[in-house]
Amino acid sequence: MRTVRKLFYGGAASALLLATSIAQADVTVLGWPGGPEETALRAATEIYNARAEVAEDDKVKLIFFSRDGFFDKLQADLAAGTDAFDANLLATYSIGRYAPYMSPVSLSEDAADVFGESVLKTMQFDGKQYGVPTDLSLHFLYYRTDLIEELLADESAAAKYGDISEKHLGVRLEPKSPDDWTWQDFAANALYFSKAVNPDSPTRYGTVLQLKNLLFNIMVFHSLPRSYGADWMDADGNITVDSDAYREALKMYKILVEAGATPKDSFSYEYAEANSAFGSGQVAAMIQWNAAAADLTDREKTPVTADVTKTIAPPTGPDGRFTHVHGLGLGVNANGKNPDGAKAFIEWLSTEDAAKAYALAGGATGLTSGVVSDIANERPDLVPLGEYASNYGFVMNGGTSAKALSVYELQAKEFTDYLSGGKSLDEALSATKDGMADLLN
């Protein structure tokens, strides 16, 4: 999540067209600046350039610029036909913006075995592969093991748990291990561990919802309606947001908001605020980006709860278990000076050896179980990342389109309006449907 959030925040802008002033290598690659993504790409590039089969005039040179306004500037440069770079960064939700100026790529023969189909789809648009996936973001369920263990061992607590779920959700539920949770169980647990509902709760809130009017918060929300069968549109292009799936998901959020199961100021919350609330010891469970795991399980960074925090995949719905997934990757500029060299580099990045090297250098690579097992000791955090992406990952139909970010922004506005009491559910879904029809059609 920290990766994608920085797409929109940063220092002073640096025009990508300045790249023309940089002495070019025969294959010039524009990467994502700063952080583990740059470190991993530099390490992988060094390995690639040292390979005997890479000709001197096909060696790769990396260039980096400010993150501020990166993707808008990239689109402007590509549309202007720049040849300042042969390959460039891509993100799942912006591929459709760049596809007219890029060339589809062919990955290695073992790419599907390395990444899995769900991860490969994060770099696909209109049925074509436009890049190699390098860094992945998806969702974990974070929960307090001490609270769950105590609840499961207490028969009187189980009775109260059932009373609370019956009153607020209309169904009597029993406490379960989080790995067996449905979304109703998640909601029941959130209600039980909220003092506004259960004065005896050891925590003030059962969960923390990220409700700020922000597109990234809608990505967190999406894992819930998708498990009820939600999508943006069907195979014929009909907008399907006004559905039972979205209605059930939004109503469940509304129940938690009105019951006081999430902090009262949650409408100002996003990634950092949710982490702070959970780390304070006053929240029982939450859905959050995988990037938070390193901090929330670190004793020095989160001393109150690190030892009792565990992560698993998000809860299950009627249609199964799902997590929103998106990623960063690299694709080929159709106007680059050395497209063949760029394609060769990207094809190599999709091999097993290259993917593991990138991961060992710090990349958040989504790898299948057979591949990640080789580096599990060095990168244990990548084991659930690859497993969840392969087994539960999804990209909404239209999620890589040119207007995907605008769809997220529209949903954030309308859904937040409903959850905060500004609109009825019918009004919010109707406005979302009309807006999505304009954006996607």
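**Starting from one side chain**

Reply: Let's begin with Asn-49, which is found in helix H2, spanning residues 35-50. Helices here are DSSP runs of H or I with at least four residues, strands are runs of E with at least two, and both are numbered from the N terminus. Before going further, please keep in mind that this is a predicted model, where local features need pLDDT of at least 70 and side-chain atom pairs count only at pLDDT 80 or more, while totals for chains, interfaces and linings use all residues. Residues are numbered from 1 along each chain as its sequence is written, and side-chain values use heavy atoms, leaving out hydrogens and water.

With a relative accessible area of 19%, Asn-49 is buried; that word means under 20%, with exposed meaning over 50% and partly exposed the range in between, using a 1.4 Å probe and protein chains only. The Asn-49 side chain reaches the backbone nitrogen of Val-60 at 2.8 Å. That is a polar contact, defined as a pair of N or O atoms within 3.5 Å; within protein, one must be able to donate a hydrogen and the other to accept it, and residues adjacent in sequence count only if both atoms are side-chain atoms. Not counting residues up to four places away in sequence, Asn-49 touches Lys-59 and Val-60, where contact means heavy atoms within 4.5 Å.

Val-60 takes us to Phe-345. Setting aside residues up to four places away in sequence, Phe-345 touches Val-29, Leu-41, Thr-45, Tyr-48, Val-60 and Leu-330. Phe-345 has 0% relative accessibility and counts as buried. In the largest nonpolar core, which has 146 residues, Phe-345 is one of those that touch the most other members, along with Phe-115, Trp-232, Tyr-246 and Leu-367. Such a core is a set of buried Ala, Val, Leu, Ile, Met, Phe, Trp, Tyr and Cys residues joined through side-chain atoms within 4.5 Å. In soluble globular proteins, nonpolar side chains tend to be buried together.

Now for the rings. The structure holds 20 aromatic pairs. Among them, Tyr-192 and Phe-193 have ring centres 4.9 Å apart and planes at 90 degrees, so this pair is edge-to-face. Rings of Phe, Tyr and Trp (its six-membered ring) pair if their centres lie within 6.5 Å; planes under 30 degrees apart count as stacked, over 60 as edge-to-face and the rest as tilted. Tyr-192 is buried at a relative accessible area of 10%, and Phe-193 counts as buried at 2%. Phe-345, our core residue, forms a stacked pair with Trp-348, at 6.3 Å centre to centre and 20 degrees between the planes. Phe-345 and Trp-348 are 3 residues apart in helix H14 (residues 339-349), which separates them by about one helical turn. Trp-348 is also buried, with a relative accessible area of 10%.

An aromatic cluster is formed by Phe-140, Tyr-142, Phe-278, Tyr-388 and Tyr-392. Arg-226 meets rings as well: its charged end sits over the ring of Phe-322, 4.2 Å from the centre, and Arg-226 lies over the face of Phe-394 at 5.9 Å from the ring centre. A charge sits over a ring if NZ of Lys or CZ of Arg is within 6 Å of the ring centre and within 35 degrees of the ring normal.

E7 runs antiparallel to strand E12 (residues 323-333), with 6 bridges joining them; two strands pair if DSSP finds at least two bridges between them. Asp-135 has Leu-328 as its bridge partner in E12. E7 is also joined to antiparallel strand E8 (residues 285-289) by 5 bridges, and to strand E9 (residues 309-312) in the antiparallel sense over 4 bridges. Tyr-143 stands opposite Ala-285 in E8 and opposite Lys-310 in E9.

Apart from residues up to four places away in sequence, Asn-275 touches Met-286, Gln-288, Ala-292 and Leu-296.
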